[in-house]
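Try each task before you read its solution.

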Amino acid sequence: MRNYLLLMMMAAAVAYLCTPMARSLAQRLRVFTPIRSRDIHSEPVPRLGGIAMFIAIGLALMVAAQMTFLRGIFEGSGAIWGILLGAGIVTFVGIADDVWDLHWTLKLGGQVLAAATVAWLGVRIVMLPVGALVIDSVVLQYIVTIFLIVLTMNAINFVDGLDGLAAGVAVIGGGAFFLCTYWVTRFAFPTDYSNMATLIMAVMIGACVGFLPHNFFPAKIFMGDSGSMLIGLLLSSSAIAATTQIGGDMFNRANGLPTFMPILLPLAVMLLPLLDLTLAVARRTARLRSPFSADRGHLHHKLIDAGYSHPKAVLMMYLWCSVVAFGVVAFAFFPWRWVLAVDSIAVVVALALTLHPWVARPGEDEPVESR
């Protein structure tokens with residue numbers, strides 16, 4: 001654990017120090033997020049924050065390659081370097097999109113190239129955790145892997161609509177994923193519990209934590225597509241690596257974890273972004289619009305419209321992400337009856353807090369009776 005925490009703190013420090021430089025570069029290149037009717041901010045904000053995050057992640061992985069405990073992850077396989085190369089591709093595509101506003105087909109092509117690079121160098125789905133279903137066809141392995149990575153990148157991109165939202169969701173979801181993969185590996189392989197998915201989550205969490213002080217309301221800089229797609233690629237690549245490994249023999253060794261955990265964990269970590277993406281695609285398709293067209297109907301927009309302030313809306317999204325992600329991960333640590341009871345209470349509390357503005361509004365709108 002010490003090695004992971006050290007790398008996490010290193011990535012956080014590098015991201016924190018590099019973000020002002022990324023902000024200066026964005027100002028020099030005049031790369032600002034325009035003010036549109038669907039946006040919450042009222043002044044142009046620099047973007048390109050993903051550059052600082054990528055630098056932090058890259059440096060942390062290079063240091064990790066020199067650590068005795070983690071060296072085995074880098075030897076004998078190019079998988080982790082494939083993830084870093086894919087991350088570099090989407091960061092470059094994101095920078096180009098932030099600067100020149102690429103057509104969605106070019107952006108999608110860059111996402112597919114990055115996902116294919118990750119799959120080509122070794123991180124791809126070869127087994128589904130549903131009954132240990134093996135995917136024999138290499139072509140099908142590539143197709144499923146690329147689809148899931150591209151889907152996750154766009155899901156994170158869609159949820160990146162408020163100051164600190166995407167980075168915070170990544171820290172919460174990634175934190176839950178980090179704890180579970182570390183715990184499973186620690187008990188399944190007590191003599192060597194280094195794990196690629198855990199390492200990727202550690203450096204991603206660190207980069208997001210270092211970026212958040214500059215990005216939380218009122219944001220001094222946005223991560224832009226370079227940052228949101230980077231987070232999406234890292235989350236999905238780690239989930240694919242971990243789910244494939246857990247779906248094999250590791251899961252049975254990890255002290256009797258519930259059999260549904262390999263299925264639920266990636267879904268729980270990504271539930272909020274995937275839900276927002278699904279609703280957005282359905283909403284736009286029903287209106288005969290492109291699924292990639294922008295609108296003001298995301299979940300965070302609904303909270304703002306209900307009366308939540310900008311930071312409170314972000315905190316409410318954090319709350320739901322925490323309830324779902326840690327609520328599922330808790331099944332790996334505690335008896336299921338206890339977890340189910342606590343999760344039920346947490347959902348009721350979160351739901352009550354979420355609906356409060358809608359419930360309180362009718363009373364506020366009633367006219368005051370004259371005396």
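The exercises below concern a predicted model.

**Exercise 1. Describe how helix α1 and helix α2 meet.**

Solution. Start with the axes: those of α1 (residues 2–29) and α2 (residues 49–64) come within 7 Å and cross at roughly 150°. Next, take the handedness: the crossing of α1 past α2 is right-handed. Then look at who touches whom. From α1, the contact includes L7, M10, V14 and C18, while α2 brings in residues including I51, I55, L59 and V63. Finally, sort the residues of this contact by type: 16 are nonpolar, one is polar and none is charged.

**Exercise 2. Find the salt-bridge partner of D98 and say where both residues sit.**

Solution. The structure has three salt bridges. In one of them, D98 pairs with R47, and their closest N and O atoms are 3.9 Å apart. That distance passes the test, because a salt bridge calls for a side-chain nitrogen of Lys or Arg within 4 Å of a carboxyl oxygen of Asp or Glu. Now place the partners: D98 belongs to helix α4 (residues 79–100), and R47 to the loop between β2 (45–46) and α2. The pair links distant parts of the chain, 51 residues apart.

**Exercise 3. Inspect the backbone at L48 and at P218.**

Solution. L48 is in the loop between β2 and α2. Its phi is near 80°, a positive value in a residue other than glycine. Moving on, P218 lies in the loop between α8 (196–215) and α9 (224–253). The peptide bond from F217 to P218 is cis, its omega being near -5°.

Definitions and conventions
Residues are numbered from 1 along each chain as its sequence is written. This is a predicted model: local features need pLDDT of at least 70, side-chain atom pairs count only at pLDDT 80 or more; totals for chains, interfaces and linings use all residues. Side-chain values use heavy atoms; hydrogens and water are left out. Axes are lines fitted to C-alpha atoms, for helices over the stretch in contact, and angles run from 0 to 180 degrees between N-to-C directions. Helices (H or I, at least four residues) and strands (E, at least two) are DSSP runs, numbered from the N terminus. A crossing is left-handed if the near helix is turned anticlockwise from the far one by less than a right angle, and right-handed if clockwise. Contact means heavy atoms within 4.5 Å. Ala, Val, Leu, Ile, Met, Phe, Trp, Tyr, Cys and Pro count as nonpolar, Asp, Glu, Lys and Arg as charged, and the others, Gly among them, as polar.
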